[in-house]
Each structure stands twice: as C-alpha cells, then as structure tokens.
Amino acid sequence: AADSVTAGRVVVVGDAAHMASPRTASGAHTAVLDAIALREAFAATAGIDDALKRYSRDGVLRAQELFKRSREVSQDFVPAEGMTAIVSPATLVKAR
C-alpha cells in the first residue's frame, strides 16, 4: 500500500490512491470515500497544508485496509496449485 496519498498540494483519490484488485470493484467507491475524508480533513483543520497532512495520514490507513481486504478476496481466485498454474476461466468458474 502507499505510504502517502499526497505530494505537496497534489492529492490522489480512488484507484490512484488505493491498490486493490479489480475484482473488488471499489474504484468509484474509494473515490467518494476519499472525497468525504478530504472534506472532513479541511473541516477539522485550520489550513490547507494541515488538512492535506491529515488526509494523507488517514488515506494511508484506508489504503492499507483496502489492500488487505482486496488481497483476501483475491485468494478466492488463486488455484490450489498457486499462481504458477495455468488456469482457464472455465476452471475458475467451476471452482466457485
């Protein structure tokens, strides 16, 4: 997961800020959550730089949690033989 979701006054949100499997379908969802978190950071602090520091700190925690959950969900799609096995989509459908 990321160690920062800001660089100076540049802010990343959604998929750009969070490593997640496409299977979680969470890009738009995380972008909305990030927008809310950014608004809350601005409401809770006195200045832009402090708000961005707060957003980044909280954003990293959100990114780490999403990465953890995404990894857990992705395990459902890993064949018993591990990632080195070549598996057809039909095999994955049967496995579920």
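1. A word on terms to start: helices (H or I, at least four residues) and strands (E, at least two) are DSSP runs, numbered from the N terminus. On that basis the protein has 3 helices and 2 strands, and along the sequence they follow the pattern β-β-α-α-α.

2. Please keep in mind that this is a predicted model, where local features need pLDDT of at least 70 and side-chain atom pairs count only at pLDDT 80 or more, while totals for chains, interfaces and linings use all residues. Residues are numbered from 1 along each chain as its sequence is written, and side-chain values use heavy atoms, with hydrogens and water left out.

3. Now the overall figures. The accessible surface of the protein is about 6,600 Å², and 58% of this belongs to carbon and sulfur atoms; areas come from the Shrake-Rupley method with a 1.4 Å probe, and for residues only the protein chains shown count as cover. Of the 96 residues, 26% are buried (buried means under 20% relative accessible area, exposed over 50%, partly exposed in between). Taking contacts (heavy atoms within 4.5 Å) between residues at least 6 apart in sequence, 53% join residues at least 24 apart.

4. Which residues make up the largest nonpolar core? Its 7 residues are Val 5, Ala 37, Leu 38, Ala 41, Ala 51, Leu 52 and Tyr 55. In soluble globular proteins, nonpolar side chains tend to be buried together.

5. Beyond its neighbours within four places in sequence, Ala 41 contacts Ala 51, Arg 54 and Tyr 55. The C-alpha atoms of Ala 41 and Ala 51 are 4.8 Å apart, although 10 residues separate the two along the chain.

6. Ser 56, in helix H2, is buried as well, since its relative accessible area is 9%. Leaving out residues up to four places away in sequence, Ser 56 touches Ser 4, Val 5 and Thr 6.

7. Finally, the surface: Val 32, Leu 33 and Ile 36 form a nonpolar patch of about 230 Å². Ile 36 belongs to helix H1 (residues 27-44) and counts as partly exposed because its relative accessibility is 33%. Patches are made of residues with over 30% relative accessible area and no salt bridge, with like charges joined within 9 Å and nonpolar side chains (Val, Leu, Ile, Met, Phe, Trp, Tyr) within 5 Å; a salt bridge is a side-chain nitrogen of Lys or Arg within 4 Å of a carboxyl oxygen of Asp or Glu.

Definitions and conventions. Buried means under 20% relative accessible area, exposed over 50%, partly exposed in between (1.4 Å probe, protein chains only). A nonpolar core is a set of buried Ala, Val, Leu, Ile, Met, Phe, Trp, Tyr and Cys residues joined through side-chain atoms within 4.5 Å.
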